[in-house]
Amino acid sequence: MATLFIILLIVGLFHFIYEGILLPSIRLSLRYDLFKLRDDLRNYSHENDLQNNEAAQLLDSIICATISRLHQLSIYSIIGSKQQYNDNNRFKKNVDNSLAVIDNSEIDDIVIMNQKLIMITLKALVFNSGGWVLIFVPVASIVVIYSIITSSVSKFKYHLRSRISRITYASDTFFNHLP
């Protein structure tokens, strides 16, 4: 019982340190990266007279939305958006149209900025889900170890049956030559 209490105390301490101290600093850094990306996009749009470019405007609004929702990016948001994408045709059409506008942009710098946005978003997703590492890693380890053991046992059973069947079906002459 004391061991369980100590484990829960360590998990709680890790969660407090990660969620309360480390993650806000990491998110702030990612927000600054997004602000810089948005400023770079706006400067590029202004310098190249792209204020009316659909891809530039769309990317700008997506960056702003990502800034405001940075703290919500998690495994749950990925699952929810995937479900929404599969269930809601209007949502799917909007996502597909947005992807097409940016991916088919003739302006390479917009495509590159979009790739930077995706990388920052991926980092946010990983860091926001980092609190689950302490829970996920032990469970995943147990599943992997279990699958390795069951696979090894299955292979051992197969080889054992193979050897036993050879002995079982061997001719009497083989057994007559044994000491």
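Asn114 is in contact with Leu59, Ile102 and Asp103, leaving aside its neighbours within four places in sequence. Contact here means heavy atoms within 4.5 Å. Asn114 sits in helix α5. Asn114 counts as buried because its relative accessibility is 11%. Buried means under 20% relative accessible area, exposed means over 50%, and partly exposed lies in between (1.4 Å probe, protein chains only).

This is a predicted model: local features need pLDDT of at least 70, side-chain atom pairs count only at pLDDT 80 or more, and totals for chains, interfaces and linings use all residues. Residues are numbered from 1 along each chain as its sequence is written, and side-chain values use heavy atoms, with hydrogens and water left out.

**Overall layout**

- The protein has seven helices and zero strands. Helices (H or I, at least four residues) and strands (E, at least two) are DSSP runs, numbered from the N terminus.
- From the N terminus on, the order of elements is α-α-α-α-α-α-α.
- Of the 179 residues in the protein, 21% are buried.
- Among contacts with a separation of 6 or more, 76% join residues 24 or more positions apart.
- The protein exposes about 13500 Å², and carbon and sulfur atoms supply 64% of that area. Accessible areas come from the Shrake-Rupley method with a 1.4 Å probe; for residues, only the protein chains shown count as cover.

**Helix α1**

- Helix α1 covers residues 2–47, which is 46 residues.
- Helix α1 reaches 65 Å from its first C-alpha to its last, close to the 68 Å expected at 1.5 Å a residue. The expected span is 1.5 Å times one less than the number of residues.
- At Leu23, shortly before the proline Pro24, α1 has a kink of about 40 degrees. The bend at a residue is the angle between axes fitted to the seven residues ending there and the seven starting there.
- Buried residues of α1 include Tyr18, Leu23, Leu30 and Leu34. Leu37, Arg38, Leu41, Tyr44 and Ser45 are buried as well.
- These buried residues pack against α2 (54–69) and α5 (108–128).
- Just after α1, Asp49 takes a positive phi of about 55 degrees.

**Salt bridges**

- The whole structure holds two salt bridges. A salt bridge is a side-chain nitrogen of Lys or Arg within 4 Å of a carboxyl oxygen of Asp or Glu.
- Lys36 pairs with Asp40 in a salt bridge, with the closest N and O atoms 3.0 Å apart.
- Both Lys36 and Asp40 lie in helix α1, four residues apart, about one turn of the helix.
- Lys36 is exposed, at a relative accessible area of 52%. Asp40 is partly exposed, at 30%.
- Arg42 forms a salt bridge with Asp60, and the closest N and O atoms are 2.8 Å apart.
- Arg42 lies in helix α1 and Asp60 in helix α2, so the pair ties together parts that are 18 residues apart in sequence.
- Arg42 counts as partly exposed, at 40% relative accessibility. Asp60 counts as buried, at 16%.

**Nonpolar surface patch**

- Tyr76, Trp132, Ile135, Phe136, Val137, Val139 and Val143 form a nonpolar patch on the surface. Together they have about 750 Å² of accessible area.
- Patches are made of residues with over 30% relative accessible area and no salt bridge: like charges are joined within 9 Å, and nonpolar side chains (Val, Leu, Ile, Met, Phe, Trp, Tyr) within 5 Å.
- Helix α6 (residues 133–168) gives the most to the nonpolar patch, with five residues.
- Ile135 lies in helix α6. Ile135 counts as partly exposed because its relative accessibility is 44%.
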